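Subject: Structure handover

Hello,

Here is the structure I promised to pass on.

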Amino acid sequence: QVQVVESGGGLVQAGGSLRLSCVASGRISAINTMGWYRRAPGKQRELVAVLTSGGSTNYDDSVKGRFFITRNNANKNTVYLQMYSLKPEDSADYYCNANVDTDWGSRVDTWGQGTQVTVSS
């Protein structure tokens, strides 16, 4: 079993900042990628940012220069999404995804339950 848990969402004014946290746990032998996605009401889920095991990052154009995905070096199963200069259009449910190799020899994608971010204008 692999679990992913997000935290850190909330209500913030436009121009403000928030930091989301994501922890992957369970029968993990290696983490391949961890990433953040979001889904706004009436829209499809979209990639926000992803971090590979090698440290490479990829961001959606809409968040480049404002959002930063980082890893806790003491606990590599934990990633953060630091969000600056938030805009009302960033309001969405944010989901963490972990693509991992398990100790039973499978590669699995696991999603968290989501955390809501609301940016008021």
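The notes below go through the disulfide, the strands and the cavity.

This is a predicted model, in which local features need pLDDT of at least 70, side-chain atom pairs count only at pLDDT 80 or more, and totals for chains, interfaces and linings use all residues. Residues are numbered from 1 along each chain as its sequence is written, and side-chain values use heavy atoms, with hydrogens and water left out.

**The disulfide**

A disulfide here is a pair of cysteine sulfur atoms within 2.5 Å. By that rule the count is one. Cys 22 is joined to Cys 96, with 2.0 Å from S to S. The link is left-handed, at -80° about the S-S bond. Cys 22 sits in strand β3 (residues 18–26) and Cys 96 in strand β9 (residues 92–102), so the bond ties together parts that are 74 residues apart in sequence. Strands (E, at least two residues) are DSSP runs, numbered from the N terminus.

Are these two cysteines buried or exposed? Buried means under 20% relative accessible area, exposed over 50%, and partly exposed in between (1.4 Å probe, protein chains only). Cys 22 is buried, at 0%. Cys 96 is buried too, with 0% relative accessibility.

**The four-stranded sheet**

Strand β3 also belongs to an open sheet of four strands. The order is β1-β3-β8-β7, and the pairing is antiparallel. Two strands pair if DSSP finds at least two bridges between them. β1 (2–7) and β7 (67–71) stand at the edges with a single partner strand each, so one side of each has no neighbour in the sheet. From one strand to the next, the twist averages 15°. That angle is taken between axes, which are lines fitted to C-alpha atoms, and angles run from 0 to 180 degrees between N-to-C directions.

Six bridges hold β3 and strand β8 (residues 78–83) in antiparallel pairing. Arg 19 is opposite Gln 82 in β8. β7 and β8 are antiparallel as well, over five bridges. Here Arg 71 faces Val 79 in β8. A hairpin of six residues connects β7 to β8.

**Strand β11**

Which strands pair with β11? Strand β2 (residues 10–13) runs parallel to β11, with four bridges. In that pair, Leu 11 has Thr 118 as its bridge partner. β9 pairs with β11 in the antiparallel sense, over three bridges. There the partner of Tyr 94 is Thr 115.

In a regular strand the side chains alternate between the two faces of the sheet. Strand β11 (residues 115–120) has Thr 115, Val 117 and Val 119 on a covered face. Gln 116, Thr 118 and Ser 120 are on the uncovered one.

**The cavity**

A cavity is a set of points on a 1 Å grid over the protein atoms alone, where a 1.4 Å probe fits but cannot get out. Lining residues have an atom within 4 Å of a point. Grid points are joined across faces, edges and corners, and a volume is the space filled by probe spheres set on the points.

There is one cavity of 30 Å³ or more. The largest cavity holds about 40 Å³ of space. β4 (28–39) and β5 (46–52) are the elements that give two or more residues to its lining. β4 gives the most, with four residues.

Best wishes

How values were computed: On a 1 Å grid over the protein atoms alone, a cavity is a set of points where a 1.4 Å probe fits but cannot get out, and a pocket is an open set with protein on both sides within 12 Å along at least five of seven lines; lining residues have an atom within 4 Å of a point.
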